[in-house]
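Subject: Structure for your review

Hello,

Here is the structure I promised to pass on. Please look through it alongside the notes that follow.

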Amino acid sequence: MQQQDIQHDRLTGALRRQSVKKNVAAIHVSGKLTLLQRKLSNVLLLNAYDALISKPKHQIDAQTLCLMVGYNSNDMATLKQSLRSLAETTAEWDMLDEDGRQEWGVSSLLSYAKLKGGVCEYAYSPALAEKLHDPKVFALINLNIQRRFTSGHALALYENCYRFVRTGSTGWWPIDLFRRLMGVDGSAYYESFKHLNAKVIKPAVSEVNKTSNILVEPELRKMGRQVSEIRFRIKENPQLAMMNIDDGEGVRQGRVYARLVEVGVSDRLARQWIAEHGEDYVSQKLDYLKGRGGVEHPVRYLSAALRDDYRAEEAPAPRPEVVEAMRQRRAAQSEAEAEAEARCAMVSRERRIRAAQMARVRELTAARTPTQRDADRRLFLAGLEDEVKRAEFARLGWAAALCVAEMVAFWEDMVPGAFDELVA
């Protein structure tokens with residue numbers, strides 16, 4: 001079954017958010033989780049985040065939990081096993097505390113979990129809850145993006161890289177640490193960098209670049225002939241819009257979004273600010289703007305307030321040079337928005353073409369006999385070299401949009417001219 005994005009307007013409470021703040025410590029120690037377990041841990045954290053410190057236990061509807069991780073099966077045994085694994089997996093952190101002193105700790109990821117009457121109840125240890133709730137160091141994990149991953153190694157790489165997107169690089173990691181982050185430490189097979197590169201690094205990089213909102217590129221450092229360290233260059237993925245990761249409907253239902261629109265913020269910018277800063281922070285700056293009164297350009301002023309964290313006791317009076325700089329930035333922003341609109345138009349056209357191609361593929365396959373369809377699938381799968389695409393096609397068949405270019409080429413060879421009359 002093809003994955004569908006989460007319909008946030010059907011959810012309640014913390015689950016209506018589209019990202020979970022995930023503490024760096026938690027990201028670094030959960031490498032040995034499977035793909036389903038890693039997704040599950042993120043959703044459980046999102047559900048509990050607001051009450052991590054104030055409540056000893058948390059609850060979530062079991063069907064909603066399955067929906068959020070993209071697990072559409074009624075096989076509760078698999079869900080139980082995943083929860084059991086979270087309770088059996090130890091989390092270890094090694095970081096500096098507020099006074100600059102080294103702090104080491106260990107805890108199970110869940111102190112307990114139970115399913116009863118269609119409800120999942122679970123809890124974290126107090127020490128781990130404190131670390132998970134720490135707002136100073138976190139990564140925003142987009143839950144719609146995480147549902148698209150088919151590899152646990154790829155999701156682990158995404159989580160460990162995404163928090164560095166603003167700096168552009170992860171910094172150098174010793175290879176032993178990288179193996180630990182990917183959950184393959186202790187495996188004799190992956191002691192060989194050749195095997196680690198072929199089975200973990202290359203497939204994970206490929207899936208992150210094709211599935212998520214960032215692009216990563218590995219760089220290696222050697223000591224003698226041996227690879228000793230690895231780092232990843234990171235930048236935003238310009239094809240994010242084509243993935244249709246976030247339709248924004250959940251955000252648009254919120255009060256903060258409505259307040260932003262009221263002061264003249266565009267739909268795209270409002271969703272961007274909420275995603276980047278969180279509803280609470282944006283709401284604070286809206287309150288600050290309201291208290292100023294007589295602001296000539298509220299959107300520009302609000303942008304500066306968000307960027308520079310304006311507070312009531314330290315609000316700077318706009319200086320002429322600041323006003324001029326804001327005017328220049330506004331001009332540059334207008335130009336950038338025009339370019340973005342042009343790109344959106346192009347993306348929209350490409351989407352229509354892709355949808356028409358997929359519809360044509362469905363028509364062509366429907367016209368084949370069952371025996372022919374089986375042979376077609378085997379022949380097409382044999383010609384796919386990309387492991388991510390092979391997995392996607394094996395899972396979704398001719399509905400695998402990730403393989404649309406290869407499917408068009410395949411059917412064009414089978415039925416020449418089959419796509420000539422498509423109109424975008």
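Helices (H or I, at least four residues) and strands (E, at least two) are DSSP runs, numbered from the N terminus. On that basis the chain has 19 helices and 10 strands. This is a predicted model: local features need pLDDT of at least 70, side-chain atom pairs count only at pLDDT 80 or more, and totals for chains, interfaces and linings use all residues. Residues are numbered from 1 along each chain as its sequence is written, and side-chain values use heavy atoms, with hydrogens and water left out.

Overall figures

Of the 424 residues in the chain, 42% are buried (buried is under 20% relative accessible area, exposed over 50%, partly exposed in between; 1.4 Å probe, protein chains only). The accessible surface of the chain is about 22800 Å², and carbon and sulfur atoms hold 50% of that (Shrake-Rupley method, 1.4 Å probe; for residues, only the protein chains shown count as cover). Among contacts in the chain with a separation of 6 or more, 62% are between residues 24 or more positions apart; a contact means heavy atoms within 4.5 Å.

Three strands form an open, antiparallel sheet in the order 8-10-9, where two strands pair if DSSP finds at least two bridges between them. Strand 8 (173-174) and strand 9 are at the edges with a single partner strand each, so one side of each has no neighbour in the sheet. Strand 9 (residues 214-223) runs antiparallel to strand 10 (residues 226-236) over 10 bridges. Valine 216 is opposite isoleucine 234 in strand 10, and glutamate 219 has arginine 231 in strand 10 as its bridge partner. The hairpin of strand 9 and strand 10 has 2 residues between the strands, and glycine 224 there takes a positive phi near 70°.

Aromatic residues

The whole structure contains 15 aromatic pairs. Rings of Phe, Tyr and Trp (its six-membered ring) pair if their centres lie within 6.5 Å; planes under 30 degrees apart count as stacked, over 60 as edge-to-face and the rest as tilted. Tryptophan 173 and phenylalanine 178 are a stacked pair, because their ring centres are 6.4 Å apart and their planes at 20°. Both tryptophan 173 and phenylalanine 178 are buried. Tyrosine 189 and tyrosine 190 are edge-to-face, because their ring centres are 5.1 Å apart and their planes at 85°. Tyrosine 189 is partly exposed at 39% relative accessible area, while tyrosine 190 is buried at 16%. One aromatic cluster is formed by Phe380, Phe393, Trp398, Phe410 and Trp411.

A loop and a surface patch

Glycine 183 sits in the loop between helix 8 (175-182) and helix 9 (193-211) and is partly exposed at 23% relative accessibility. From glycine 183 to histidine 153 is 7.8 Å, C-alpha to C-alpha, with 30 residues of separation in sequence.

Leu379, Met414 and Val415 make up a nonpolar surface patch with about 230 Å² of accessible area together. Patches are made of residues with over 30% relative accessible area and no salt bridge: like charges are joined within 9 Å, nonpolar side chains (Val, Leu, Ile, Met, Phe, Trp, Tyr) within 5 Å. A salt bridge is a side-chain nitrogen of Lys or Arg within 4 Å of a carboxyl oxygen of Asp or Glu. Valine 415 belongs to the segment after helix 19 (404-414) and is partly exposed, at 33% relative accessible area.

Regards
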